[in-house]
Amino acid sequence: MSTLANARDVLQLIARLQRSVTVTDVTNELGLAKSSASRTLSSMAQYGFLERDLTTRAYRPGSVIMEASWQFRASHTASSLVEEELESLVGGSGYTGYLNVLDGTDVIVINMRTGTRTLQVYTPPGTRAPAWASAAGRALLATLPEDELATLLPGHFTQRLGNEPQSLEEVHIRITEIKKTGWALSRGEYVQGIAGISAAVCDPNSGQRYGFGLAIPREELSDELIACWGGAVRDAALRLGKLLGDPFWLSFPQY
């Protein structure tokens, strides 16, 4: 393995563990020989990529990494990064893209981007839906701590409008699946005839959570389309989550 690859893996390990790392951490987590782990950490510290705590002897991000990170964050906000990924998804798929946030027990559309396909879904900014009843809402709910999630789920369910969950058990089953796959699917639920593929990220600095994804006419939904764009939306959220330091995505398994 090259020196650059080792350095990359060390930085990714720090991000995943969310703490300083030792030679033992690198040896155990990355499978490097102790001599290679020590040499990699020492070299990274020598060139400013890491710095070593004099008391604990553990390594943390150094001046070079911190300066580059500051420059990146100064020119990008969490919302702008989400918008960039959404723009890419809309451009690649041709479907309408949506950016959503939680507002109490509802999910609310804050931005919409239309695609190039003849048939487009149109749900204007400001539109609300119960969070549990849409792909974007469930993707957002799946990122919440269990105690907070419990306060946002209804005690009873209204008359069925489409294919939305009709019990707490069903909601929890879907949320559990989202935590495994990284993305949510709806098949014409709160808005009948409209399918959705969504994921969510959290900016740990502000606590703001963003749900984003594609809205697809239900009649066009297929297993192939679901697999393709479900994976694409998940990968976009994974990239964003790692950039933002979202704990959900830092610990999410790589595919």
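Ring pairs join F248, W249 and F252 into a cluster, where rings of Phe, Tyr and Trp (its six-membered ring) are paired if their centres lie within 6.5 Å. The model is a predicted one, in which local features need pLDDT of at least 70 and side-chain atom pairs count only at pLDDT 80 or more, whereas totals for chains, interfaces and linings use all residues. Residues are numbered from 1 along each chain as its sequence is written, and side-chain values use heavy atoms, with hydrogens and water left out.

A search of the whole structure finds three aromatic pairs. One of them, formed by W249 and F252, is tilted, with 4.8 Å centre to centre and 55° between the planes; planes under 30 degrees apart count as stacked, over 60 as edge-to-face and the rest as tilted. Both W249 and F252 are buried, that is, under 20% relative accessible area with a 1.4 Å probe and protein chains only, while exposed means over 50% and partly exposed lies in between.

F248 and W249 also line the largest cavity, together with A139, A142, T143, I178, G182, A199 and A200. A cavity here is a set of points, on a 1 Å grid over the protein atoms alone, where a 1.4 Å probe fits but cannot get out, and its lining residues have an atom within 4 Å of a point. About 40 Å³ of space lies in this largest cavity, the volume being the space filled by probe spheres set on grid points that are joined across faces, edges and corners. β7 (194-202) and α10 (247-250) are the elements that give two or more residues to the lining of the largest cavity; helices (H or I, at least four residues) and strands (E, at least two) are DSSP runs, numbered from the N terminus.

The largest nonpolar core has 32 residues, and those with the most contacts inside it are V201, F212 and I216. Such a core is a set of buried Ala, Val, Leu, Ile, Met, Phe, Trp, Tyr and Cys residues joined through side-chain atoms within 4.5 Å. With nine residues, α9 (223-244) gives the most to this core. Leaving aside residues up to four places away in sequence, I216 touches Y95, V121, G193, I194, A195, I197, L221 and L225, a contact being heavy atoms within 4.5 Å. Another core, of 21 residues, lies apart from the largest one and has V107, L144, A184 and A200 among its members.

Note on methods
1 Å grid on protein atoms, 1.4 Å probe; cavity = no way out; pocket = protein on both sides within 12 Å on 5 of 7 lines; lining within 4 Å.
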